[in-house]
Every structure is written in C-alpha cells, then in structure tokens.
Protein chains: 2
Amino acid sequence: MKFSINQKNLYNALNIVRRAVAKNQTLPILTGIFLNLKNNTLTLKSTDLELGIEYKLQVEGQIDGSIVLPATQFSNIIRELPNETINIELNKDKWQLQIKCINSLFKINGYDPDEFPNLPQVEESANFKLPSSKFKEMIKKVRISTSKDETQPALTGALFEVESEKVKMVSTNTYRLSYIEAPLKTSVNEKIAVILPGSTLQELNNLLEDEGTVEIEVDNNYVRFNFAGIEVISRLIEGKFPNYELVIPDESNSKFSADLSQLHGSVKRASLIAKLDANIITLSADQELMEINSTEGSSGYAHEEVKIEMEGPEQKINIDAGYFIDVLKVLDSEEINIEMIGPLNPLVVKSKTEAGDKFIYLIMPVRSQS
Amino acid sequence: MKFSINQKNLYNALNIVRRAVAKNQTLPILTGIFLNLKNNTLTLKSTDLELGIEYKLQVEGQIDGSIVLPATQFSNIIRELPNETINIELNKDKWQLQIKCINSLFKINGYDPDEFPNLPQVEESANFKLPSSKFKEMIKKVRISTSKDETQPALTGALFEVESEKVKMVSTNTYRLSYIEAPLKTSVNEKIAVILPGSTLQELNNLLEDEGTVEIEVDNNYVRFNFAGIEVISRLIEGKFPNYELVIPDESNSKFSADLSQLHGSVKRASLIAKLDANIITLSADQELMEINSTEGSSGYAHEEVKIEMEGPEQKINIDAGYFIDVLKVLDSEEINIEMIGPLNPLVVKSKTEAGDKFIYLIMPVRSQS
C-alpha cells in the first residue's frame, strides 16, 4: 500500500470511522481502523461488532494494499500534522505504516488486515429514503426517551416503523415516551418494524448533516444507512417493543400554551432546588398562569410563574423536572403546547407541522408525596 | 439583611469568591460563601483555611446583616436568573435567604454567619507592588515546574524572593526548574523569601487580569494580594526551598535557536509516540538541523526535523517530552533559545527582555536507556 492524501481529508475520514471503533480492549484489533487501497480509492472501516462504519475517499494511489492501525494513535498523529500532502507507505513484513509529511516521519505498528472482521451484509431487504435533516430531527426527539436499563433491551432502543406513507419512531423508559411521525415521499416495498439501538441513534445524530438524503435498508438482523459517502451498519435489537398506542391518550380535559424559552428558563431554575431532592416539580395551571414549585426540602424552595393561554379546567401535576427539561431542549418552536387530563394521567407535549410531521411527548405523573 | 443587586454583578462576584470555597465536605460551612451587608457595601468571602478570598461591591442596601449560603446552589441559581434586578431578603430565624427576580422566587437555607471563620490577618508585614500583567506572566512560567509530591511540601510551591530592586520566583520538582526574575519599581522595606503554595498560584492565575496593579503584603505565615477590589489571603508553605542557584549552569558549550511554533509542533507530534512508552525523546542538534526522535518501541517510531541556528559543537540529549512541551506552551516569543553543555547536563531554555526580565527553564537529562 502506497498513496498520497491531503491531511485535512484524511483527518476528516478518521473522525467519521472512529465512531464505531471498539471502546474496550477485549479484541485489540477492533480498537483499530481498517484501511484498504484499491486503485485510487481508500476505504476506511471500523466496527465494535454492534455498529460498523465504512467511508471511501479518493487518493493518489500507487500500490494497493491493506492494514489495520490503532485508531487513537493514528488519528492523533494525523491531527497534529500540518495541512499538507501526507505520503503513506506500508511495510507489509512488519505490518508497519510509514507516514511522511514535510519534516515529520512516523512508523506505526498495526495489525494483519485479514484478521479484521467483515461488516455484516444486509440482504433481501426493505429499503427507502429520507431527507437527512428530517431523519436527524426525528432521532433528536426520540433519543431522549430511550432507557438505560439493559435488563429490558427493547427499551434501550427506538422502535422504527415504516408503512406505505409514513415513518414513525417511538421510545420509552416507561416513565416517559417520545412518538414522532413524518410523511414518507418514496414508497416502501414492505412494512418495517424494527428496534434501533440507542447507541446507533447517538452516532447517527453525530454523523448526519442537514443536507442530502439517507438511504435505509433493513433486514431481520441489521439495518444499513447510506449518506454523504458514509455507510453505517447496525445490529437491530431483538425483542418486542411495548404497545405504545395504548399509552397515548386520545383526548384531554385542558390544553394550554406557553412561551417555550420562558418555560424552559423557569423549569431549569426550579430544578436547581428540586434536584437536591428527587427532582420532582409541581405544575399548577390556572387560566392565565402556570406556577412551578419544588417541594420545600431541607435545602430550600423554588417558585416560578409563567404566563399561559388555557382552555379547560385548572390542572395540577407532579412530574420529574429532568424529563420536562429534556423535551424543552429539543423543541424548536417559539411556543409549546401541552395537554392534560388530570393529576393521575400523563402530561402530553404535542407539536405538529403543516408538512404533516407530528411529535408527541408523554411524562407520567409522580404521585403526591404528602 | 435586605438589598437589591443586578444579576450580572452578583454572578461575577460569586465567580470570584467561589475559587476559595472548600472542595471537601469535612466542615460543611466552608462549602459556603459568607455574605455581609453594611450600609451599601456587600462583602462576600470564602475560605478553605489554606486560601481565602474577599470581594466587596456596592448594592442598594436596606437592612444590614449576614448569612453563609451553600456556594454551588447559590451560584447556579443566580447564573440561571435573567440579567435584571434581584431582590434579596434574609429570614434570620431560619437562616434562610429569599431571592426574588421578576417571576422567580427562591428560598435557600444557609448557615449562621457567626460560625464562619475569619480570614487570617497579615501583620507587621513587608509590602510592595507589581503590575498585574507582569505578576500573571511570572506565575504562568513558574507554575509549570511545581511538584505534585506532597511528601516534599516546599517543592509543591514556588519560592518568592524580593530584594531591593528585583522580584524572583523559582519552582522545581527536581527533574526540571523554572526561574524568573523581573526588576521592581517600588522599593521594598525588607528582604522577602517565602514559599507560595501551587494551588494559590493556580487561583491567582485565574483571577489576575492584564490591567492594574497587585499590592502584596507578606508576614511569616501568610501573604495577602490586593487587586481589582479582590483580596486573596494564602497560607505560606513552611520549610526550606532547595538552593537552586547551584543547579543553574553559568556557562554552556552550545547555543541554538529555532522557530518556537515549528519546534512546538514537532515535539508534540514526537510525543504522541514517545508517550506510549516513557515519553522520552532524543534531541540531536547539529549546526543547521535538530532531529527529534522517539525510541523505537512496540507501537512505532517518530522522527522530526527542525531548522536551527547553532553555535558550538553538536549535541545529543534525552529528555522528557512533557517537560519540554510545558515550556514551549508558555513562551510568547517567536523564537526559542536553548543552551547545552552535554548529554549529562541540563538543557537550558533562556529568554530575556529589554525591560530586564529574565526566564530560565532547566530540563534534567534522562540517561540513555541502551
């Protein structure tokens, strides 16, 4: 393997594929990045066996070949080199890569590339397309409600459902729930209902840009995302996702709206006191005003007031302030719309766009502590 | 206690005094900030018994009084409030402070201010003045060489010597040494030679601004710094500082200069490989070129070349790359001047300004590993 490449281009490529490099050292080769040169195409890939990322770019190739290099070390060196042409050459006898750039010379010891696992194939699959910006927004809103509890694997991911005209994503940790749907422009050949791992959502959120399209292919075990020259392959979570439709209320008794940034500020401040205890706040909405109170604990007390516009009877509910803040952070409208039934039913945040996008966020109430 | 204050002014004041708040919880009241209102002056202070900070500012006072408030909680709340007038009122029966700002109301439980220790007094002391920017620069260059080893307390701080016309600071962990001196414009009434704790240097570095003057008062046990309305009082380190003058070589065999940023880049890159081992690099200077090599270890090898101008015979030395990087970071010239005697004598970085400032940095060599 022998080729020339610009420092910035190589560093950018390494930053993409580094995201799937294994964090633990059980299989040392998985802490590395696989490089392959064929003609003038350099392919970089990484995998932790759950997630795999592949990225290709054009270089000035001279001799084809492959190697696996320790990711952190390789990236750190490329980062510190000046933005100039880097000349790279493999010493195959030692699995050692030589990196030359102006007055710098590095030799990095790597691994035999034949020992690097292949990324899984997605076969005979259902496939469709989504605008990258749309998919990124869905991920942002659904990611917040995934569970950290590994004893219920299905809840650590998000349900991903595609029917002829709609794509839906749902996540819940049983105390709160995110539901988002968007109209689909391309048709899908069969119905899809799979669970995407939370960690995959996280990496997609980091990698997706606001422009372009994502191609998505799904089979029974894997999903593949293709965008901006990047291929992301993820294992799916096995198991059954809970029947979320039963949980989302059809109707409400009271509806109110408030200024998003004012409400966000007030809940954040009330939480500064509430979190010293169990982070529970009480919302009391009455016609023109919502009061937000922490319980009066050993460290103090917080009281906030926010102007609202309200329809229906007054409402009072205890909720986890952290769950409320999570949704206030990801909403991008000026106003927030909230619906309530009563103190024992979930508080529901709803938003809708003219394009047909729908977002519902549920927070289960906490029973009064008194 | 009852007064009004602008949010930004209060938050700024809290950020200053928070720096001396105790990090551990052994004496809970020391994790708090003492507030006192007298007429229209609000005094804030904090101490961890090693370091104390006091700051005064003008407010619209109504009722005088004092309280101690948990620092983190109080600062977090003030940070999240809008930049408006805050009304503060003490409920002395409960040692509870009420904070009102537009639609926000907080009550924070605090401590009886009589239980807060007084900051120590500096008595019958030697005193002098320094420009803040000069003192900050001295601290920046001397701070890097203090030791972390608590078994030799004197080395965890910096020697601070003042004679009639000069101020000197020296620090060493025995493997490297910083020496800096500057001419003194104001006269000092007696010779000073004390050891300032490393943590005090760190906080001074954070608090000092580039404008104004620092007044410094020293007695046998404490030192007081006065600048920009801030008073910092620090315990001195007892013990004897090693005789550093014997270590600084009077002469050298070879002198060379290099471009600082080029050398910095090269050493940083070579260290990426060297630090996977013991972080030792070999410098070989010969007339027009300095080579920087890592030892060839299990993970790889680095070789860098930097152009130099040199007088005297060729030199080769093994040093700790981290110690070298530390000084390359704090130098602010375009060029670096280095002097050497031989492979068993320290490498010496020297800089001098026309104003009479002098900086010397020594790195002890590491014996060749072969």
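Me: Which residues of chain A does the UniProt annotation "domain: DNA polymerase III beta sliding clamp C-terminal" cover?
Reply: The annotation comes from an unreviewed UniProt entry, and the model it is laid on here is predicted.

Me: How far apart are the end C-alpha atoms over residues 247-367 of chain A?
Reply: Over this stretch the chain is 21% helix and 45% strand. Its end C-alpha atoms are apart by 18 Å.

Me: What percentage of residues 130-243 of chain A is strand?
Reply: UniProt, in an unreviewed entry, places "domain: DNA polymerase III beta sliding clamp central" at these residues. Their end C-alpha atoms are 25 Å apart, and helix makes up 19%. The share of strand is 42%.

Me: Which strands are at the edges of the open sheet of eight strands in chain A?
Reply: The order of this antiparallel sheet is β6-β2-β3-β4-β17-β16-β15-β10. An edge strand pairs on one side only. In chain A that holds for β6 (65-70) and β10 (126-131).

Me: In β17(A), which residue is the bridge partner of Leu51(A)?
Reply: Strand β4 of chain A spans residues 51-58, and β17 of chain A spans residues 230-235. The two run antiparallel and are joined by five bridges. The partner of Leu51(A) in β17(A) is Ser234(A).

Me: At about what angle does helix α1 of chain A run to β4(A)?
Reply: Helix α1 takes up residues 7-17 of chain A. It lies across β2 (32-38), β3 (41-47), β4 and β17 of chain A. Its angle to β4(A) is about 165 degrees.

How values were computed:
Residues numbered from 1 in each chain as written. Chains lettered and ligands numbered in written order. Predicted model: local features only at pLDDT ≥ 70, side-chain atom pairs only at ≥ 80, totals over all residues. Heavy atoms only, no water. UniProt positions renumbered as here; feature names shortened; annotations may be inferred. Helix = DSSP H or I, 4+ residues; strand = E, 2+ residues; numbered from the N terminus. Pairing = 2+ DSSP bridges. Contact = heavy atoms within 4.5 Å. Axes fitted to C-alpha atoms, helices over the stretch in contact; angles between N-to-C directions.
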